Amino acid sequence: MKLFIQATTPSGTFFRAGRMWTKDGTVVDSDDFTDAHAKAIENEPHLKVRAATPAEIAASDLPATIPTEAEVIDALLSAIPQMVDDDFTKGGLPDMGKLRAAVAIDDKLVTPELRDAAMEQLVKGGFKAPLKA
């Protein structure tokens with residue numbers, strides 16, 4: 001069954017079950033998820049889940065667009081605060097491998113420069129990265 005999953009957060013993005021969901025919505029196959037992930041998505045108040053319409057399914061078969069740098073930074077701004085202590089380096093920056101795994105964006109687009117730009121915005125907003133001894 002094809003599902004349409006849409007984020008309802010003010011930021012327009014939300015991470016659950018190892019994926020980023022957007023306010024624009026995403027068509028997925030329900031068989032793509034483990035039972036635990038399916039239940040987490042289904043019970044998540046920040047996501048709307050419903051059967052995908054034929055038009056949404058057809059549109060989902062179109063080639064994906066490449067996200068802009070601003071869209072990548074927005075995804076990083078949502079993902080970084082959800083990361084745990086072990087996901088950060090001794091210097092307090094998100095580990096690039098773990099950060100790339102946390103966002104559903106092509107790894108080549110998640111660069112150290114964009115990570116640093118996102119961290120700068122987060123720190124200005126009061127975010128404190130964990131520092132390891």
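Guide: This is a predicted model. Helix H3, residues 69-79, packs with helix H5, residues 112-124.

Visitor: At what angle do H3 and H5 pack, and how far apart are their axes?

Guide: The angle is about 55°, and the axes are 9 Å apart.

Visitor: Left-handed or right-handed crossing?

Guide: H3 passes H5 in a right-handed crossing.

Visitor: On to the strands. What is the order in the open sheet?

Guide: The order is S4-S1-S5, so three strands by the definition of pairing, and the pairing is antiparallel.

Visitor: Which ones are the edge strands?

Guide: S4, at 26-29, and S5, at 47-51, are the edge strands, each pairing on one side only. Neighbouring strands in this sheet are turned against each other by 30° on average, with direction ignored.

Visitor: How many bridges join S1 to S5?

Guide: There are 5 bridges between S1, residues 2-7, and S5, and the two strands run antiparallel. Among the partners, Gln6 is bridged to Lys48 in S5.

Visitor: What about S2 and S3, how many bridges there?

Guide: S2 and S3 are joined by 4 bridges and also run antiparallel. S3 covers residues 19-22. Thr13 has Thr22 in S3 as its bridge partner.

Visitor: How many residues sit between the strands of that hairpin?

Guide: The hairpin of S2 and S3 has 2 residues between the strands. In this hairpin, Ala17 takes a positive phi near 60°.

Visitor: Now pockets. What volume does the second largest pocket have?

Guide: The second largest pocket has a volume of about 170 Å³.

Visitor: Which residues lie nearest its centre?

Guide: Phe15, Ala79, Gln82, Met83 and Ala102 lie nearest the centre of the second largest pocket, out of 13 lining residues.

Visitor: Which elements supply at least two residues of that lining?

Guide: Strand S2, at 13-16, and helix H4, at 96-102, each supply at least two. H4 gives the most to the lining, with 3 residues.

Visitor: And how do the lining residues divide into nonpolar, polar and charged?

Guide: The lining of the second largest pocket has 7 nonpolar, 2 polar and 4 charged residues.

Notes
Residues are numbered from 1 along each chain as its sequence is written. This is a predicted model: local features need pLDDT of at least 70, side-chain atom pairs count only at pLDDT 80 or more; totals for chains, interfaces and linings use all residues. Side-chain values use heavy atoms; hydrogens and water are left out. On a 1 Å grid over the protein atoms alone, a cavity is a set of points where a 1.4 Å probe fits but cannot get out, and a pocket is an open set with protein on both sides within 12 Å along at least five of seven lines; lining residues have an atom within 4 Å of a point. Grid points are joined across faces, edges and corners, and a volume is the space filled by probe spheres set on the points. Ala, Val, Leu, Ile, Met, Phe, Trp, Tyr, Cys and Pro count as nonpolar, Asp, Glu, Lys and Arg as charged, and the others, Gly among them, as polar. Axes are lines fitted to C-alpha atoms, for helices over the stretch in contact, and angles run from 0 to 180 degrees between N-to-C directions. A crossing is left-handed if the near helix is turned anticlockwise from the far one by less than a right angle, and right-handed if clockwise.
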